[in-house]
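Hi,

Here is the structure I said I'd pass on.

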Amino acid sequence: MKIGIFFGGTSREREISFAGGRTVFDNLDKALFQPVPIFVDSLGQFILLDWQYIYKGTIRDFYPPVSSQPPSLHHLQVYIESLGELDHEARFHAIAKVGREVKAEELPQLMDFAFLALHGPGGEDGAIQGMLEWLGIPYSGSGILPSAFGIDKIAQKNLLHALGRPTPTFRVITAEEWDSTDHAATLAYLVRELGLPLVLKAPRQGSSIGVSILKDDSLPKFEAAMERSLFRKVVTREEWQRLGEQDRLAWVQHLTDIREGIGLPVVFDDETAPIYHPETLLFALTERLETAEQVRLTNIDGETQVLVESFVAGREFSCIVVEDPTGLPLALPPTEIVKGEEMFDYRSKYLPGLARKVTPIDLPEDKIQEIREACEEMFRTFGFQVYARLDGFVAHDGRLFLNDPNTTSGMLPASFFFHQAAEIGLNPSQFLTYLIRTSLAARRRAGLRPVKLAQLLGRLDTAVAGRQHEATERIRVAVIMGGYSSERHISVESGRNIYEKLSSSAKYAPVPVFLTGSADEHKLYVLPVNVMLKDNADDIREKIEHAEAGEAPHPILARIRQEASVITSTYAGQALAQPRRISFEELAQLADEVFIALHGRPGEDGALQQQLEQYGLPYNGSGVASSSVTINKFETNQRLREAGLRVADHRMAHKLEWQADAESFYRSLETQFPYPFIAKPADDGCSSAVKKIKNRAELEAFSQLIFRTEEDLMPGPAEVLSLGFKEEFPRKDAFLVETLIGRDGAAHFLEITGGLLTSYDEDGQLDIEVFEASEALATGEVLSLEEKFLAGEGQNITPARYDADPAERQRISNEVKAVLRRVAEVLDIQGYARIDAFVRVRQEGEVEVLIIEVNSLPGMTPATCIFHQTALAGYTPYQFIDRILEFGKARAAKAVVK
């Protein structure tokens, strides 16, 4: 069955939709379905996307293509609406670079079913549902009317109020009222009617967009919150003139961000001519504020009303409700959102580790059942179909408030959507199959092409039944994830991605395995799917500890699983179990080979590889000897320098020296390395605690943190280094200091990261395929973990822009690739790897490649740039993973022959 996946879209949540569409594309069971990627751009055009672009980190990494964009003084990446009013030919050329435009009437020839991963207006409001009904294409989720109702927060509130259902007290302020009334009087009225804090929302946006919490009766804060929900911004001449050139650019970039700012296009005050491009806005603001005291910017697609609610103090939860096979609502285990801030905002919702998701919410069984029944009732009352996500609060006095239903949920790998389905035993691939089947049944019940849909349902049911019998014939791959390094959360993201790619294939049967313990003892646990899909590594470890302590799962889970057994008996294949400790000997019994998805120690240091070799288990990545070198950045640099390759000047800084005489320790480093320089752990992951040290205060803070004896961070040094929320900092006995690599007068200078893949040729000799490198763009002083690995966060341009002339760009690229190949040869890298480097291109064309570090087990999260590179070489992520596994088996076979 051909499944058209609609993703991207016109809304402010388009990046999450893009990432969610990729998740659906990857997790659809390839034995049952053929995915057809339909990217919806921000102008609403349908594009049959070439598959390789699905794996870009953000939409702006590939669309609009560079060739369609005007020259940018600041090299800004923009969405296509920032190119202004494009004629047909310009649109055609932009689309042709990434796929081909599809007219609506052509969609029935491309697909049997439409899976909607779109968010917000244009995706959840009934518009695209109506178009698909018109075309006779069955689609996922709710129909036209419940979708239109589900996007309108004010209509929802009015209905709940009319039905006497508990919902926070609210008022609606229109833009016209706001512009014509006294703001102080409006605030006083709202505080009198609703109390403090106040919650302000944009009523037709996603649940995390245009939302503010006002904790006190500050008029300036209230005005800013109202403007945020209306997608407006007032800027004064005084504010603007205080900013330097770089700060003005950063201000405009933040303002035009579709998630945190007001987005583009905008108009000035009451003018009608839109400003489309952020640089045009930058210059226009500078010009206007030469004379005007202030200007107001308004997004042309902003809101006309603001929903103001009373704040509910209590515990926040989210509950996915699905239809069971008979069409009745079935609430999955609700998840509590435990966070540091009052608001579960866009970043905390989608970045692992920023907010904890506890499933089920830690309440007595009868209270959870009350939540479930209330959610099921709302599902029925609003006429939702197939599935919905219902959010709410349990107030401190026990009252239950439901709020903000969503007919489309976020579909990232660890989102509520998959997180809760895993609690009844469905992995993402199985859950998607069930939702497609349920959607077909819902559309048929509503009268859409009943004969045709009955045939599709019959074929799908037969195929699903046959798929269950195939499962025992697939190759068993233990995917080892977790660990105890500061990159353990990224390891879980990588491991889950590998698991999901393999589980949706016809060839492999993955087994999730979590590694914890210490350097002295590696502990392995086989994970049930519900534990694997916990939010992060610490949550997984906590579940393991609870199981080992003999704690039974929450009693509500047995009840829900029993209610869902009619679903899981058909789609899940096997019942859920508790995490189970296994030995390496047992690992060899349950798996044919291993994929190590760990980062840092353990995983990249050769110790785990040595144990796997003892039991004859093939594995991915480099062997024991090479891994034990590349884990140590200092030793790696030494070997590369000895081989004639360029690296930064470097030395180790030891804790013993610092303890003996801190002042001499600092002076010694300052004598050898002028500020600024780089400090980082020598044997940890690629982005863990990597800092640009600019002065003595930062050097002292870095030393105090990395040499500390207690686990907790010291607030003073952490503040000096501007450590982010929940940023981790390892403890070590030494750290690596390197000179800061700069342009040094080169005509062109950029940071790149290049991947490679090895195989054996016909003569059994190692062949190294080096991919086109990606150019890495950091928003801060160094690339963060989020920028490297998480969807929508980093900006990577693949292939790297070494030169504007294509032939010269390729010449430089070939030289860079030759250096990276030489690095792999010197270090005996096998399987695959990622090498980070700086590239200088001199005026006369000479190319200098300075190696930063080597990652023998690079991150394999859905958005990581190694997948952008392999796509250019013609490998889908699954094919790349398959090649990695096949090499591991071939290497093991050669070792046996020897």
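Ile-95 sits in helix α2, residues 88–96.

Some ground rules before the rest. This is a predicted model, so local features need pLDDT of at least 70 and side-chain atom pairs count only at pLDDT 80 or more, while totals for chains, interfaces and linings use all residues. Residues are numbered from 1 along each chain as its sequence is written, and side-chain values use heavy atoms, with hydrogens and water left out. Helices (H or I, at least four residues) and strands (E, at least two) are DSSP runs, numbered from the N terminus.

Now the sheets. Five strands make an open sheet, ordered β22-β21-β20-β19-β23, with mixed pairing (two strands pair if DSSP finds at least two bridges between them). Its edge strands are β22 (580–582) and β23, each of which pairs on one side only. From one strand to the next the twist averages 35 degrees (axes are lines fitted to C-alpha atoms, for helices over the stretch in contact, and angles run from 0 to 180 degrees between N-to-C directions).

Within that sheet, strand β19 (residues 475–482) is largely enclosed by the rest of the structure, because six of its eight residues are buried. β19 and β20 run parallel and are joined by eight bridges, and Ile-480 stands opposite Val-513 in β20. Going from β19 to β20, the chain passes through α18, and this β-α-β crossover is right-handed (with the strands pointing away from the viewer, the path from the first strand over the helix to the second runs clockwise). β19 also runs parallel to strand β23 (residues 593–596), with four bridges joining them; here Val-477 stands opposite Glu-593. β20 pairs in the antiparallel sense with strand β21 (residues 522–526) over five bridges, and Phe-514 stands opposite Tyr-525 in β21.

There is also an open sheet of four strands, in the order β6-β12-β7-β8, with antiparallel pairing. β6 (170–174) and β8 (212–214) are its edge strands, and the twist averages 25 degrees from one strand to the next. Three bridges join strand β7 (residues 198–201) to β8, where Leu-200 stands opposite Ser-212.

A pocket here, on a 1 Å grid over the protein atoms alone, is an open set of points where a 1.4 Å probe fits, with protein on both sides within 12 Å along at least five of seven lines, and lining residues have an atom within 4 Å of a point. Of the 36 lining residues, the closest to the centre are Gln-430, Tyr-499, Pro-510, Ala-572 and Gln-574. β20 gives the most to this lining, with five residues.

Cheers

Conventions:
Buried < 20%, exposed > 50% of the residue type's maximum accessible area, 1.4 Å probe, protein only.
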